[in-house]
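Look through the model from its overall build down to one pair of helices. The text below follows that order after a short note on terms.

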Amino acid sequence: MTTTTITKGSDFSPLLREIKAAGLLERRTAAYAMAIGINVVLMALTWAGIAAIGASWWVILLALPLGILTTRAAFFGHDAGHQQIAGSRKLHDWIGMLHGNLVLGMSYAWWVDKHNRHHANPNHTDKDPDVGEGVFVWTLQQAEGRKGLEGWLTRNQARVFFPLLTLEGFNLKVSSIRFLLARRRTEKLEIGLMAAHLMLYFSALFLILSPAQALVFALVHHMVFGLHLGSVFAPNHKGMEMPDADSNWGHLEKQVLTSRNVNGGLVTDWLMGGLNYQIEHHLFPSMPRANLRFAQPIVREYCESIGMPYVSTGLIDSYRMGLRHMHAVGEELRSNAA
């Protein structure tokens with residue numbers, strides 16, 4: 001993407017004062033406690049259903065709601081990492097580790113480290129780990145010279161993006177384990193919680209189901225989780241502005257120009273964990289999730305008043321924009337292969 005230069009009215013302070021005056025940065029701990037409690041109950045009921053059905057292939061159907069509820073747990077871990085829930089950092093760390101390490105089997109410390117770097121410099125290829133060169137590439141420079149399997153993936157990345165998201169649940173575990181093993185002297189608690197997750201998860205499956213059913217259930221569960229979680233994060237930045245080393249943007253430009261909102265109502269808010277308000281979340285990462293929809297009209301009006309582009313579109317259009325960008329990045333490799 002080309003970069004946009006904003007030279008007028010880019011001060012973040014007036015917007016911050018308006019948001020504070022509206023009380024939108026205040027904690028909503030009771031609401032979080034209720035939402036977390038409901039999710040825990042629903043997960044427990046799902047596991048009770050698995051035990052009740054027993055060794056039947058029909059039990060695989062319960063991997064679908066479990067994948068959705070697991071994604072809900074990931075959202076709570078995300079919010080804990082941003083200190084949105086309560087006033088204590090230690091409490092946030094415990095909420096994050098219980099949801100991340102114990103429930104999901106992924107490292108909370110690894111995610112916080114990676115996600116904080118993303119928030120500090122979104123869509124910056126040298127600083128944002130989410131757009132670094134990997135299985136997918138996001139710029140023509142990253143795509144240049146890729147051959148073999150990497151070249152094939154780059155040429156077809158828009159087509160295989162969503163299918164490969166089904167592997168994201170496994171990738172999160174593998175990346176977490178690698179991170180923790182490199183820091184095992186300081187992350188013993190996280191390693192212990194992840195080990196407890198793996199033991200409890202697979203013990204439950206193999207005690208209730210046949211080995212084949214247990215493996216298929218785990219596969220479907222993680223595929224649903226990876227696809228759901230990846231589909232939530234995918235529309236947020238892909239195909240938006242990508243600043244380079246010469247970009248001298250302030251906080252407002254850096255967060256608004258690289259982010260995209262997804263339109264919708266309460267159902268969209270629930271399914272996307274509030275991350276459909278990506279612009280507001282990036283501007284105010286510690287804002288409780290439930291307040292983001294109230295901040296949205298304030299932020300939009302402010303951006304319009306200073307002439308700053310504010311992108312908000314439907315879910316399908318957001319995917320189209322991201323996939324179109326990914327397809328364009330592979331164009332040169334496709335031309336060379338023709």
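Helices, counted as H or I runs of at least four residues, and strands, counted as E runs of at least two, are DSSP runs numbered from the N terminus. The model is predicted. In these terms the protein chain holds 17 helices and two strands. Its radius of gyration is 21 Å, close to the 20 Å that the globule rule gives for 338 residues, so the protein chain is as compact as a globular protein of that length. The C-alpha trace spans about 65 × 60 × 40 Å along its principal axes.

An unreviewed UniProt entry places the feature "transmembrane region" at residues 30-50, 56-75 and 193-209. Residues 30-50 are 100% helix and 0% strand, and the end C-alpha atoms of this span lie 30 Å apart. For residues 56-75 the figures are 65% helix and 0% strand, with 31 Å between the end C-alpha atoms.

Helix H2 covers residues 29-53 and helix H3 covers residues 63-81; the two pack with their axes 10 Å apart, at an angle of about 150°. Angles over 145 degrees count as roughly antiparallel, and H2 is therefore roughly antiparallel to H3. The crossing of H2 past H3 is left-handed.

On the H2 side, the contact is made by Tyr32, Ala35, Ile36, Asn39, Leu42, Met43, Thr46 and Trp47. They meet Leu66, Leu69, Thr70, Arg72, Ala73, Phe76 and Asp79 in H3. By residue class, the contact of H2 with H3 comprises 10 nonpolar, three polar and two charged residues.

How values were computed: Residues are numbered from 1 along each chain as its sequence is written. This is a predicted model: local features need pLDDT of at least 70, side-chain atom pairs count only at pLDDT 80 or more; totals for chains, interfaces and linings use all residues. Side-chain values use heavy atoms; hydrogens and water are left out. UniProt positions are given in the numbering used here, feature names are shortened, and annotations may be inferred rather than shown by experiment. Axes are lines fitted to C-alpha atoms, for helices over the stretch in contact, and angles run from 0 to 180 degrees between N-to-C directions. Angles under 35 degrees count as roughly parallel, over 145 as roughly antiparallel, 65 to 115 as roughly perpendicular and the rest as oblique. A crossing is left-handed if the near helix is turned anticlockwise from the far one by less than a right angle, and right-handed if clockwise. Contact means heavy atoms within 4.5 Å. Ala, Val, Leu, Ile, Met, Phe, Trp, Tyr, Cys and Pro count as nonpolar, Asp, Glu, Lys and Arg as charged, and the others, Gly among them, as polar. The radius of gyration is taken over C-alpha atoms; the globule rule is 2.2 Å times the number of residues to the power 0.38.
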